[in-house]
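Visitor: I would like to learn how to read this model. Please take me through it one feature at a time.

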Amino acid sequence: MGTEEDSVESARAAWQSMSDFEKLSFQFAAAIQAAAKAAVEEEYGPTPRREGSVFRQSYDKAVELLTLFMTTTITENLTHFTRLTAGEAGRLGATYSELAHAAGITPQAARKRWPNITGRSQSQEPSGTAP
C-alpha cells in the first residue's frame, strides 16, 4: 500500500502524461476564441472580408479584447477555485509538502501562497523539498 505522497505522485504523473489533456487545452482555448468571435458577430455582424481594412482591424481587435476578458475571468475563477481546493486539502490533513508536491512548487511557496491552511505549525511539517 502506497503513501499519500505516492498517490499524489502517481496522480501527477498520470496528469502530465495525458496527451489528450493537452489536446483538450487547445480545444478549450479555441472554444473561448470561437465564443468571443460569435459574440462580436452577434453584436456587429459577420467578419469583414477585406484583410487589413479598418473595419476588419476593429473587428479583430474586438474579438481579441473579448477573448482577453474571457480568459482573465476564467483565470480569476480558477485561482479562486485553487485556493478553495488547497484550503479543503489542508482541512483534510494535507501538509504543505503535499500541497507543494501536488502544485509543482516548493513547500515555502505553498506556505506563502496558502498561509495558515494546514492546521500544522512549521515545526510539525516534515522537512524536505518538493520536486
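Visitor: Of the contacts in the protein chain with a separation of 6 or more, what share joins residues 24 or more positions apart?

Guide: Contact means heavy atoms within 4.5 Å. Here residues 24 or more positions apart account for 50% of the contacts with a separation of 6 or more. The model is predicted, so local features need pLDDT of at least 70 and side-chain atom pairs count only at pLDDT 80 or more, while totals for chains, interfaces and linings use all residues. Residues are numbered from 1 along each chain as its sequence is written, and side-chain values use heavy atoms, with hydrogens and water left out.

Visitor: What is the mean pLDDT of the protein chain?

Guide: pLDDT is the predictor's confidence in each residue, from 0 to 100. Where it is low, the predicted coordinates should not be read in detail. The mean for this chain is 86, and 85% of the residues reach 70 or more. Confidence is lowest in α1, at a mean of 75, and highest in α5 (residues 107-113), at 96.

Visitor: How many helices and strands does the protein chain have?

Guide: Helices (H or I, at least four residues) and strands (E, at least two) are DSSP runs, numbered from the N terminus. This chain has five helices and zero strands.

Visitor: Is α4 mostly covered or mostly open?

Guide: Buried means under 20% relative accessible area, exposed over 50%, and partly exposed in between, with a 1.4 Å probe and protein chains only. Six of the eight residues of α4 are buried, among them Tyr96, Leu99 and His101. Across the protein chain, buried residues make up 22% of the 131 residues. After α4 comes Gly104, with a positive phi near 75°.

Visitor: Why does Ala89 count as partly exposed?

Guide: Ala89 counts as partly exposed because its relative accessibility is 25%. This residue lies in helix α3. Beyond its neighbours within four places in sequence, Ala89 is in contact with Ala94 and Leu99.

Visitor: Which class supplies 14 residues of the lining of the largest pocket?

Guide: Nonpolar residues do, alongside three polar and three charged ones. Ala, Val, Leu, Ile, Met, Phe, Trp, Tyr, Cys and Pro count as nonpolar, Asp, Glu, Lys and Arg as charged, and the others, Gly among them, as polar.
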